[in-house]
Protein chains: 2
Amino acid sequence: MLVRIASFDACWEVHRELYMTAFRHLKSVIRLNELAEDPLDLTSDGVLSPKRIDSWFKEALGLKLLFGTERVGDNTLSALLDLAEETHLIEKMEAMQRGDILNAIEGYESENRSVLHTAMRDFFEQPNESPIAKEASKLAYAELEKLKEFLREVESPERFTNLVQIGIGGSELGPKAIYTALEAFRKPGRKAFFLSNVDPDDGAAIFREVDLAKTLVVVVSKSGSTLETLTNEEFAKDFFKKAGLDPKKHFVSVTGKGSPMDDPQQYLASFYIWDYIGGRYSVTSMVGGVTLAFTLGMDRFLEFLRGANAMDKVALRKDPLENLPLLSALFGIWNRNFLGLPTVAVIPYSQALSRFPAHLQQLDMESNGKRIDKRGKPVDFDTGPIIWGEPGTNGQHSFYQSIHQGTTVVPLEFIGFKKSQYKTDMIYEGSSCQEKLLANLFAQSIALSMGQKSDNPNKVFPGNRPNRILLGEKLDPYTMGAILAYYENKVAFQGFCWNINSFDQEGVQLGKKLALKIIDQFVTLRVGKPIETKTFPQGAAFLKHLKSE
Amino acid sequence: MLVRIASFDACWEVHRELYMTAFRHLKSVIRLNELAEDPLDLTSDGVLSPKRIDSWFKEALGLKLLFGTERVGDNTLSALLDLAEETHLIEKMEAMQRGDILNAIEGYESENRSVLHTAMRDFFEQPNESPIAKEASKLAYAELEKLKEFLREVESPERFTNLVQIGIGGSELGPKAIYTALEAFRKPGRKAFFLSNVDPDDGAAIFREVDLAKTLVVVVSKSGSTLETLTNEEFAKDFFKKAGLDPKKHFVSVTGKGSPMDDPQQYLASFYIWDYIGGRYSVTSMVGGVTLAFTLGMDRFLEFLRGANAMDKVALRKDPLENLPLLSALFGIWNRNFLGLPTVAVIPYSQALSRFPAHLQQLDMESNGKRIDKRGKPVDFDTGPIIWGEPGTNGQHSFYQSIHQGTTVVPLEFIGFKKSQYKTDMIYEGSSCQEKLLANLFAQSIALSMGQKSDNPNKVFPGNRPNRILLGEKLDPYTMGAILAYYENKVAFQGFCWNINSFDQEGVQLGKKLALKIIDQFVTLRVGKPIETKTFPQGAAFLKHLKSE
């Protein structure tokens, strides 16, 4: 099956086969490889000048992307912009947002779906006019209305103060990261907890802490059949029953229409998601919506959506220099494919964003950790890097030793804010906490890029550690939405550039399949039968290690 | 200055210069490089046999290290053991534990200290007999007695239920990871919080939640001058004062004797640490001790120390095959230096260990993220890898796509337990949560190593992703102590093998220095003066970006 992306121009049709065959034969890629032999040396006298720091930035929606500390000069930047054009990145973003079928591998069985998370928030200015995107937005808006009504009902009088979200992967990481980021904006008394792991200790710890009578439980699974989630749901219901409470009066589901979890006999309400929303792209759908609207209030949740939507529009800007997610994607590709750097550290200088790197880890690695292109051919270049990170300044007292002086160069993506969320701050020795935080962020950016010479080899810092900074005014719901969509779109752009399918996750299937086989072996043991080792001898061999002497 | 390591034999003296000059000229390294050209293929029929899974493991202190899923055959294992001998790993561990000065760079200004975290717990069987180690243990034991007395005092009647530990880097990561791991063993009503970041939002969130009147604050800084910690201490005191409480009656310090924080005018008590305890190795000293003993009770804290101590003795075993931390270090070196893998993912299948990867990230990357050897010469091979990870099964729904099918191979270190911590578990569809957790762990280990063939390129799993499993009975204080020391000693062994100084952290200094300059610029702005841009023009240029339009 051939995926047609209608708006590509004739030129694209002509060069298509060539491009599909070899990323490395692209003109811009050849040029970038030449440039990578002698990349900009940030440690050279005068290179990281105040003027460069001053002028190498772009801004959108109150977010500044500062990139003077990347190893990119004028020629490289211009070749990267050529790459964007040669790989039709903006056209592909248009195709995605209007609902073309981008989640597909040509000629092989694949999910074959549109990718429409951007439609989950397209309720504000200049909504997409494609019928497919419009329809998806209409459906999403209806769920939003349903949620508004549901909250109104359970809030007068207030029936719940706590919420426990049960879900795993995208049904936890994104919602938890955003909830943690915006805790400062919670409605008084409202609190959310997240239960994901099948580890029974995880659930026990939460349900001991909350007042079950005042607790709403949101169970999230698109298929309605995620093993961990169903297990945890049963586990949770057990706690309610033992406390003499009826789970049906406390549980709501977020799931696909018609799934086993779309069941009024079991749930107070069910909110819908669709197969064109990947788990890792689902924060702005009902997957994040129920919890965020419950804890922050509907108005703030809408502000969050408005920010995300505005950034989606930025991702459509034709001028790549004004398209922040695209620009960021290009720097990432330079570091990954041309400077050969295997990882990326995301370091928010904001404690509220402590879980955001874990979300980006999924978003990026599950999207772009791929080894075949969209035609099913193994790639001969590197795709998505390893994403990791912890908030600063903490990281400075941890892994920064390695970042400054280790043998593996790590490019960094910093995130910072001019103002803190709470107004509580204090002046200590002439500067505020927030100022100290920003001073550290800027100092690290400079130290990593410029390095330091010394006669003592232990005090030598080689420098040339590329990094860039996303700098916002303040981490509020709107800005959080914009940052989330900035990353979602950055990841999509990189996948477009590599011509891989960023929207499936076939790589998680094998482990799942084998786990079910071992679970069967456990079940066999429990009923006192011997394991049939032939069907899965490796699993049986591991189980033998569990016997205690 | 030349560091003498007294017990090395004559042979070592002869080969010293050669070894120091070039890791790559070692006989075993040459052999390992040859073997790496054709490493064990775990995807070949019959290679990962039940027999291999059955017999390729070693056990100590109830912990099994299963390594059948590493890309190591008999020849490679034997060459790795040769490497251990050629680089005198066990002699160096002996030298460390008896207090030789290992924290040094020859011929250059350096910290020039012993490394004696193992002495912080050497109170049990067969204590080290070296006078230096003995003296360090004696001092540590005196602090333990002091702590016992202090807790007795504040517990009858109970004055505190909450504890806030203020510290950053090693003064937070290790203690928080262990506290989180052992929460199931808390004394009823006792709870700890950790405050590290200079982000003011971090502190505000904690102090809003706790009952200050019942809160003990532990401020940890070896030097008594860590910027973030002092800032947070002032910030915390402010909350107490505003609540009409006297900080002196709530604050204790953990610091070096004679530091600015060793001050009875300011603190209810001060507990001591010494310059031979690196921050990242300090969990078993008073840095972790006050919080862990307060929340778990002294008996459980002692159990934790006993486990760590027992593993230190395992690390001295002469037979490298029975020396678990050494064995693990060798597999790591195989993956890093011979298979060329830049990162390591640590994946505990245990929610309680959720913060443990962050601790290991510091422990390993700050220790071994180095670019010069102990003679001050730049290395020409890779040192410590990038360490990252999240608990399983969560990771499976996140970055496992990339681990299975990405272009960058990631070796994994799994941690799992036969039993859960809480007795609360339930049978769902014939198996318990804990069984599901273990089934997933084993399934991933097999899937990653064996891979899968398929006609659909998207369903091809290349396999040969090396991994090993540390499998314990149950995560209790003793086992936690043993696992902590297993990693501490593993990291030390790798540093010994690379002949780098794993015990300093000069790489964090430059950023700190530049941050102070920018803080000065903030202070200047605050008093209304213009910044003197000449002294640090790059800092000044960044500050201009903070002006809002």
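Modeller: In this predicted model, contact means heavy atoms within 4.5 Å.

Biologist: How many residues does the contact take from chain A and from chain B?

Modeller: A residue is counted when its heavy atoms come within 4.5 Å of the other chain. Chain A and chain B bury about 12800 Å² between them, with 61% of that on carbon and sulfur atoms. The contact takes 149 residues from chain A, and from chain B 149 residues.

Biologist: Which helix of chain A gives the largest share of the side that touches chain B?

Modeller: Across this interface the rule finds 48 residue pairs in polar contact, and ten salt bridges. The largest share of chain A's side is 15 residues. Those residues come from helix 15 of chain A, residues 433–450.

Biologist: How far apart are the closest N and O atoms of Glu390(A) and Arg355(B)?

Modeller: A salt bridge needs a side-chain nitrogen of Lys or Arg within 4 Å of a carboxyl oxygen of Asp or Glu. Glu390(A) forms a salt bridge with Arg355(B), and their closest N and O atoms are separated by 3.3 Å.

Biologist: Is Gln405(B) buried or exposed?

Modeller: Gln405(B) is placed in helix 14 of chain B, residues 400–405. Leaving out residues up to four places away in sequence, Gln405(B) touches residues of chain A, including Gly369(A), Arg371(A) and Glu506(A), and residues of chain B, including Asn458(B) and Phe461(B). Buried means under 20% relative accessible area. Gln405(B) has 2% relative accessibility, so it counts as buried.

Biologist: What is the relative accessible area of Phe338(B)?

Modeller: Phe338(B) lies in helix 12 of chain B, residues 324–338. Beyond its neighbours within four places in sequence, Phe338(B) is in contact with Val29(B), Leu32(B), Asn33(B), Ala36(B) and Ile333(B). Phe338(B) is buried, and its relative accessible area is 9%.

Biologist: How far apart are the end C-alpha atoms of helix 6 of chain A?

Modeller: Helix 6 of chain A has 25 residues, 131–155. The expected span is 1.5 Å times one less than the number of residues, which means 36 Å for this helix. The span in the model agrees, with the end C-alpha atoms separated by 36 Å.

Biologist: What covers the buried residues of helix 6 of chain A?

Modeller: Among the buried residues of this helix are Ala133(A), Glu143(A), Leu147(A) and Phe150(A). Their cover includes strand 5 (215–220), strand 6 (251–256) and strand 7 (269–273) of chain A. It also includes helix 5 (89–98), helix 10 (286–296) and helix 11 (298–314) of chain A.

Notes:
Residues numbered from 1 in each chain as written. Chains lettered and ligands numbered in written order. Predicted model: local features only at pLDDT ≥ 70, side-chain atom pairs only at ≥ 80, totals over all residues. Heavy atoms only, no water. Helix = DSSP H or I, 4+ residues; strand = E, 2+ residues; numbered from the N terminus. Buried < 20%, exposed > 50% of the residue type's maximum accessible area, 1.4 Å probe, protein only. Buried area = accessible area lost by both parts, 1.4 Å probe. Polar contact = N/O pair within 3.5 Å; in protein donor to acceptor, adjacent residues only side chain to side chain.
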